[in-house]
Amino acid sequence: MNIVVCVKQVVDPDVPTSAFRLDDETNRVRVAEGIPPVINGFDENAVEAALIVREETGGKITALSVGNDFAMDVMKKPLSMGVDDLVLIDDPQFFQLDAYATVCVLSEAIRKIGEFDLILCGRQASDWDNAHVPLGLAETLGLPSITMAQQIEISNSMVLVHRVFPDGYEKVEADLPALVTVSNEIGQPRYPTLRGIMAASRKSPIVWTARDLGIDPARFEPKISVTGLSIPPSLGECEFIEADTEAEAGSRLAQRLREVKLI
Amino acid sequence: MTEILIVAEQLDGGLHPVVGELVTAAQGLEGDRALVVLGADLNELSKTATSLDVDEVYVVEHRLLLEQTSEDLFVAALEQVCRQTEPRVVLIGRTFLGRDVGPRLAYRLGVGVAQDCIGLKQNEDSGRVVVTRPVYGGNAVATMAFGQQNPQVVIVRPRIYESVEKDVSRNSEIIPLTVNLDSSMMKVRHIERVKSEVEGVRLEDAQVVVAGGRGIGGPEPFSQLSELADILGGAVGASRAACDAGWADHSLQIGLTGATITPDLYVTVGISGASQHMAGCSGAKHIVAVNKDANANIFKEARFGVVGDWSNILPSFIVAVRDLSTG
Ligand SMILES: Cc1cc2nc3c(=O)[nH]c(=O)nc-3n(C[C@H](O)[C@H](O)[C@H](O)COP(=O)(O)OP(=O)(O)OC[C@H]3O[C@@H](n4cnc5c(N)ncnc54)[C@H](O)[C@@H]3O)c2cc1C
Ligand SMILES: Nc1ncnc2c1ncn2[C@@H]1O[C@H](COP(=O)(O)O)[C@@H](O)[C@H]1O
């Protein structure tokens, strides 16, 4: 089994809004100096899924990322979790790569990596919340695509997936090679072990540029482009219910809700 | 000529509620509107479709579309419809099906797509569609403009637009279209759907929702939340933290990657109000928050708040609510 896991470096989604800065010139979000980026949470779930599959089937896992300005200690996390190789497609011209161009670069990189049976992605990236790069990738590579996996099994050259469904789950299957996106319901990503971290520190990622893939980023024409970015105002004028004791505050809240006819 | 093609997804044999909302969204754009209905035995459904404010209803009947379960066939059929009718804009609801079908269609046609839009309009000079969509988990809102290719595929968040009124006297023209599908296009095979046992009112339809987060500390307090929900005739929800911890079924998750709710009253207990959570409840008319941290983000969005430990507040709240509701 050869597995490729696509991981993206993103702004830490847990930073408080107060640390958010909008860059009007580039229409990007920046965070206050000193806050490191993270690997997209669902992509760590995808790495975990890959490791679970490999435990069953054996084989090799390659983590793949497209971007620029990589924080190397952050990007090495999949290695310390146990993936075999890390491929970074790093090019200064990839600053502001849109989803379409990302799909194009990822598909070329996957072709260059070579034989694969399974591509795993996160269900969506927490920066632009597009949830469409994996679907585009599957269309481009002509693969079956299955989204939102909460469980993945491999047998007889087929992948069997339980997909998160609004009120339960759905069982589907497809022949390999296939692309599957992973949701957090698959379970917590494992913590890197000390041994994993040591091993990762000795490994260097394979770094390719656009040119190594025979791609000219200047040729990418955006199909859709960001023209503005703003922070939505918060609505609330919260009325705080106060009382001598917390228990009393509870009953007052009920009375207040009755007064305004909410209950 | 079709200018705006609206995908009429089905739900339980009828039209999905989002379809009426998409028609409203389309009214804000210039050009003729057409609905496309796909399936088998579509007589009833296409008649319903003609009562919406559209100029045409395209009916795509194929026996392979009977079950409406194969996304692969749905995408293949829509691709053919787009090639035949050459729309300028395609509108799809961001449903479980739509959020996958939309991007797949766009990449197949080699055109742009905007996911999860909460607003759309037409740029007066260029005539191109400009959308607004929440990004960064709802921490920011982006406006995005389509480039030159058609169709511009716009996936619209449900429950943002009011649905258009049905008018049975309208009688839009019904136009059958033929598509070529065969079972080899079905790369993903559906085996079954397993429903989780959730009692009571559906979260999405509830007028009152009571939800718990990490702050409630375990699975047991959810029974108190259910008790409250029962008294108020509402549904129970949860934050992702509570679902990930296994205290609540994941189908109860409210937020960006969970359910979108639009109740009159939304009571949160021990939920911090992260933007990704708020993304699922921004349509709630009144938010009430119980949280021990006066600086929690939830109070920025709440109408009423109590600062304190929920375990002291909730019991007396429940008692008082019961008294007030029965008295
Ligand atoms: C891409 C992405 C998608 C996401 N999608 C969703 C989603 O759909 N839905 C969702 O909910 N989250 C989602 N999240 C997670 C989100 O960012 C938050 O991490 C999550 O909502 C936090 O849940 P919480 O409020 O229960 O927990 P916390 O943020 O830990 O908050 C717990 C709160 O409880 C309060 N508290 C603690 N003890 C008590 C007590 N005794 N009495 C009263 N109050 C108490 C605390 O003050 C705190 O405010 C997503 C994140 C990402 C990155
Ligand atoms: N630049 C990138 N490099 C590697 N993988 C990516 C990149 N962008 C998106 N992906 C993958 O596609 C998934 C969905 O991203 P998106 O469509 O941007 O929401 C992510 O969770 C990643 O697995």
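A: The sheet and the ligand site

In chain B, strand β9 (residues 129-135) pairs with strand β10 (residues 140-146) in the antiparallel sense, over six bridges. Strands here are DSSP runs of E with at least two residues, helices are runs of H or I with at least four, and both are numbered from the N terminus. Two strands pair if DSSP finds at least two bridges between them. The model is predicted: local features need pLDDT of at least 70, side-chain atom pairs count only at pLDDT 80 or more, and totals for chains, interfaces and linings use all residues, while side-chain values use heavy atoms, without hydrogens and water. Residues are numbered from 1 along each chain as its sequence is written, and chains are lettered from A and ligands numbered from 1 in the order in which they are written.

Within the pair, B:Pro134 has B:Val141 of β10(B) as its bridge partner. Both strands belong to an open sheet of four strands, ordered β14(A)-β10(B)-β9(B)-β8(B), with antiparallel pairing. Its edges are β14 (224-230) of chain A and β8 (119-122) of chain B, each pairing on one side only.

Now the ligand. Ligand 1 is surrounded by 27 residues, counted when a heavy atom lies within 4 Å. These residues come from chains A and B, so the site is shared between chains. Polar contacts are pairs of N or O atoms within 3.5 Å. One oxygen atom of ligand 1 is 2.7 Å from a polar backbone atom of B:Arg214, and a nitrogen atom of the ligand is 2.7 Å from a backbone N or O atom of B:Ile254.

Note on methods. A polar contact is a pair of N or O atoms within 3.5 Å; within protein, one must be able to donate a hydrogen and the other to accept it, and residues adjacent in sequence count only if both atoms are side-chain atoms.
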